[in-house]
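Here are some questions and answers on helix packing and chain contacts. The structure comes first.

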Amino acid sequence: MPEFYELQINGSAHDVHDAWLGESLLYVLRERLGFTGTKSACEEGECGSCSVLVDDVLVCACLALAGSATGKTVTTVEGLAATGTPSDVQQAFVTAGAVQCGFCTPGLIVAAHALLTESPEATGQEIREALSGNVCRCTGYGRILEAVAAAARARLAAGAGSIDDRGET
Amino acid sequence: MIVTDTRTGRRPGTLGDSAVRPDGVAKVQGTFSFSSDEQIDGCVFGATLRSPHPSARIVSIDVSGAWKVSGVEAVLTAEDVPGNATYGLVVADQPVFAADVVRYVGEPVAVVAADHPETCQRALAAIRVDYEVLEPLLDPEVAIRGEHPDIHPDGNILRHQRIVHGDPDATGDVMVEGTYELGMQDQAFLGLEAALAIPEPGGGGIELHIATQWLHEDRRQIAACLGLPEPKVRLVLGGVGGAFGAREDISLQVHTCLLALRIGRPVRIQYSRRESFVGHVHRHPARIWMRHHATTTGQIVKIEARFVFDGGAYASTSSPVLLNGITHTQGPYRCPNAVVDGWAVRTNNLPCGAMRGFGVVQACFAHESQMDRLAEACGLGAVEIRLRNAMRTGDTLITGQVVESVAPVARCITEADALPLPEEPVGGRDGDPMRLPGGAGRTSDAEHVHRGIGWGVSIKNLMYSEGFDDFATARCRLSGGVVTLKFATAEVGQGFVVIAGQIARSVLGVDEVRLDTVDTDIGSSGSTSASRQTWMSGGAVDAACRKVRERLFDHVAAQHGLDPLRLAIDGTDVIDTMGTLRLAVEDAVMGREFDETVEFRHRPTEDLDENGQGNCHTAFAFAAHRAVVDVDAELGLVKVIQIATAQDVGRALNPLSVLGQIEGGIAQGLGLAVMEEIVRNAGYVRNASFTDYLLPTSLDMPEVVVSLVEEPDPQAPLGAKGVGEPPCISSTPAIVAAIRDALRHAGIERRLDRVPVRPSDIAL
C-alpha cells in the first residue's frame, strides 16, 4: 500500500497521505484536502450535492473512491472561478434568487456548468432533465431553472456558447 | 412566472426591492461555511449508538469492547451526563441517552469519540447492549383508550383539548363527513445535522458551533444537561443547510458538548442521512374526522371534528402542534358553531414535532377535502363554495377570537382563479413522452391521461401562541456611513440576512450594512419558525434602527438648533422637512457612534380555556392554491402541471425572496400530496434514505404562477406577514382535489382521503 497518492484538483496536485483506501472522493476532498465546497447530503448518489467533474464528466463524489481519481483531473465548485469573482453561472444563481440555504447550490453549479458546456443551447425541459439529479429542498427549482436558462441565454447572446469557461488554472 | 409588483423607482437594497442575498456569492462559490464544514486542528469525530427497537428494556450496556478499538478517545452513556438527564422544548421528557428503556427506533444510547469516522463505527459495533424487547405502543387510538401501559412516566396522553363554540347542537340541511389521514413527512433538509464543540481549557465552559433554528433555546437545554450555567455555554450559528422545523429540537447538541468536555478537545459530529431520518422530529401523522353542516346554499352552520396526532415517543412540540391543528379546523371560512376534540398522544413511533405548517397542514387537508364535498352536495363549484364562506377581518373564530389581521381570503381566491391556466397539452399530447405522468418510462399512454383542477385555501397563524413570551432582540450601531446589525436570528435559508439590511438602509439612509456574528452574545431572537422572523426579528431590527435614527436626529438638531421632529431621512440624506438643511447621513454622524439594542414583542396571547375559547393566536395569513394535474387513472400516475397561487403577504419586502418561499413551499406541499412519506412497519422505519424517501426533483415541479396580494397589515411592524408556511399548506389539498377531478373525468370516483396519494389509491 502506498504511503500517499496524488490527486489533480482544480489544476493543482494534492498529495493524500496515510489514507484508508476505502475513502470516497467526497471524504478525501472534504476531510483530507479541505475542499468543503463539495457537500455531503445523501451518501448514495441520489441528491447531487457532491457533484464534481472527473475528467470533465459529472460524477457524485460520494460514489467514487478517491483512489479511482488518480491520474485524472478533478474539478470542484472552487475550481470554476476565482474566489470573489463568480462565474457567469454562479452570478446568475445569485441574481435570479436561486440560492436559499445554499447547501445544494455547489452541486447544482457544477451540474449547470457541465450542462452548458455540453449543451450550450439547453432550454426548458432539457435543463429540468439535466438538473433532476440535484435535489433542492428550499427553492422548488423555479429560480434555479431561471438562473440556468438566463446564463445560457447570456452566453449565446455573447457568442460564447461554445467556450469552455470552467476556468481551470 | 408572473409576479404582481407595481412598485418602481426605489433605492436599490431598500425595502420592497428584490435585493440579492449578501451570502449569495459565498454560497455559489462553495466558500460559505456550513456547520458540517467547520474544521479545527486537533478535532476528533463523534458518533451515536442508537436503539434498534421501538420498545425495549435495557438490561445491560457493556462499553468495554469500544475502548479496545484503537483510536477511541471517549465512550459515554446515560451515567456520564452531569446535569439534567432529560431535555425538551416544552417539557423535558427526552433522555440525553436512554437509560432504562428505549422508546423508539433510533433513540440514542451511547456516543463515542475517535480519530476517524470509521473508527467510530467500529467502536459503536463493539458496544454490547442487552435488550429485553417489549410490546410497542404503535396505535394512537390504543393510547387514547388507555389500553396500553404507560410507556413514559408522564403518561401516554401528550395533550387533550376540546373546542366548543356557539350552539353545539346546531345542525344544517346538508351534511358531509370524512376521515382523513396524513403520513409522516420528513423535513429532509439537505444539510445534515452537524456540530463542532470546542471546550474551554479546564472544562469550565464550551463553545458550540451549530446549525439550529434557535440558539438561545438550544443553550437553555444544553446548559441544563451539561450542568453548566448558561453564560458558560456559548453558541455560534454554523451555516444552516435548511431547517423546516427539524432543527427546533435538540439532536446532537448535548452529545457533542459532552464528548468535547470529557476529552478536553474539539469534537465534531455529523449525522448520516440514514441517521438524520431518526435523529430529528417529523411532521405528525394524523387521523382527522370532520363533519360539516351547512345550509342548502352552502353556508357553513357547524363543524364537528376529531383530531388524533401521533406524537411518537417524546413530547417535543406536540402540544402546540395539536393546538394549531384544532384551532384551524374551520379553515379560512366563517363558522358559527363547532365541536372539536383533539388528541396528541405518545407512542413508540418516531418523535414528531415541528415541520413547516405546524399542525395546520393536517387540518387544511381535512377542511379543504370537506369543502369540495360540501360544494358537491350543494351543487356548487369549488370556487363558489369557498367565496360564499370566505372569512373577513372582524369575523369570530371558533375559539372566540376575533380576526384582526387583514383577511383578504376572497381576493386570494379570485386572484388565483384569474391566473392563466397552463398551455401544456393534456398528457403530453404534443408528442413529448417526458410530459406523461411517470415520464418517458413507456408506461403511460397519452390517450389514458385525464386532466383535473383542484383548489386549496388556507389560514395560518403567525408567531407563537398561547401566552408564550415571544420576542426578538436586535442591536444597531451606526458609525460613519456604516450600519452594523447584531441579532441571534437563525438564517436557515429564508433570507432574513437580506431583509435585515434592507430595513437598515430604508430607516437610516445608509448603503453599507454589515451583519455581526450570529451567536448568544446578544439576547434571544426567538425561533426561525412559525413564519415569524420577518415580523419579529424584522420588527426588532426596525425598532433598533429607528432608535438610532432618533438619536442621530437629536444630534443633528442640537448642532443646527432645530426641533428634531422636523428631521427626516430622504434617500441617503438627513433633511429638514421645514427648511433647507440637507446633509449626507455619513456627514451627519461625524465621528459619533450610535448604538442601540431593542427587544421587540408582539401583543400578548392567552391560553385556551377548557372549551377551547381564548385569544390564543397573534395574527393570520391566507393563501389560495389552484392545482392542475394530469393523471393516468389505470396506472395511478400523476403529473402536476401547474400550481397557481395568490398569497396574502401583507407587503412584499423582497418580492424575489417571497417568490422563493412560495415556490419552495409548494414543492414541499407537492411532496406531501403525492410522494413523501416515512414508511413505517411495526415501529421500524423502512425508507430512511434519499433512494427510498422520494423528494420532488426539477422534473416533478410544475410551472408556478403567482399573484402577491399586498394589503399591509397594520399590526405588523413593517406591514409584512410571514410568507414561509402558507405555500406548503393549501397546495397539498389542491393537488389531491385536482387528482379527484381528473379521475371524475375518467368516470372514476375516489375519495383519496389519505396523503401522500399512492398509485394504488388511484388505480385500485
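**Helix packing and chain contacts in a predicted model**

Q: Which residues of H5(B) and H6(B) meet?
A: This is a predicted model. On the H6(B) side the residues are B:Gln253, B:Val254, B:Cys257, B:Leu258 and B:Leu261. By class, the contact has seven nonpolar, one polar and one charged residues. From H5(B), they meet B:Asp218, B:Ile222, B:Cys225 and B:Leu226.

Q: Are H5(B) and H6(B) parallel, perpendicular or oblique to each other?
A: The axes of H5 (residues 215-226) and H6 (residues 253-263) of chain B come within 10 Å and cross at roughly 45 degrees. The crossing is right-handed. Angles of 65 to 115 degrees count as roughly perpendicular and those under 35 as roughly parallel. H5(B) and H6(B) are therefore oblique.

Q: Which element gives the most to the side of chain A that touches chain B?
A: The contact takes 44 residues from chain A and 47 residues from chain B. Helices H2 (88-96), H3 (105-118), H4 (124-130) and H5 (142-157) of chain A each give two or more residues to this side. By class, the side of chain A has 20 nonpolar, 16 polar and eight charged residues. With four residues, the element that gives the most is H2(A).

Q: Is H17(B) largely enclosed or exposed?
A: Helix H17 (residues 731-745) of chain B has 15 residues and reaches 21 Å from its first C-alpha to its last, close to the 21 Å expected. A residue counts as buried if 20 or more other C-beta atoms lie within 10 Å of its own. In H17(B), 13 of the 15 residues are buried, so this helix is largely enclosed by the rest of the structure.

Note on methods. Residues are numbered from 1 along each chain as its sequence is written. Chains are lettered from A and ligands numbered from 1 in the order in which they are written. This is a predicted model: local features need pLDDT of at least 70, side-chain atom pairs count only at pLDDT 80 or more; totals for chains, interfaces and linings use all residues. Axes are lines fitted to C-alpha atoms, for helices over the stretch in contact, and angles run from 0 to 180 degrees between N-to-C directions. Angles under 35 degrees count as roughly parallel, over 145 as roughly antiparallel, 65 to 115 as roughly perpendicular and the rest as oblique. A crossing is left-handed if the near helix is turned anticlockwise from the far one by less than a right angle, and right-handed if clockwise. Two residues are in contact if their C-beta atoms, placed from the backbone, lie within 7 Å. Ala, Val, Leu, Ile, Met, Phe, Trp, Tyr, Cys and Pro count as nonpolar, Asp, Glu, Lys and Arg as charged, and the others, Gly among them, as polar. The expected span of a helix is 1.5 Å times one less than its number of residues. A residue is buried if 20 or more other C-beta atoms lie within 10 Å of its own, exposed if 12 or fewer, and partly exposed in between; C-beta atoms are placed from the backbone.
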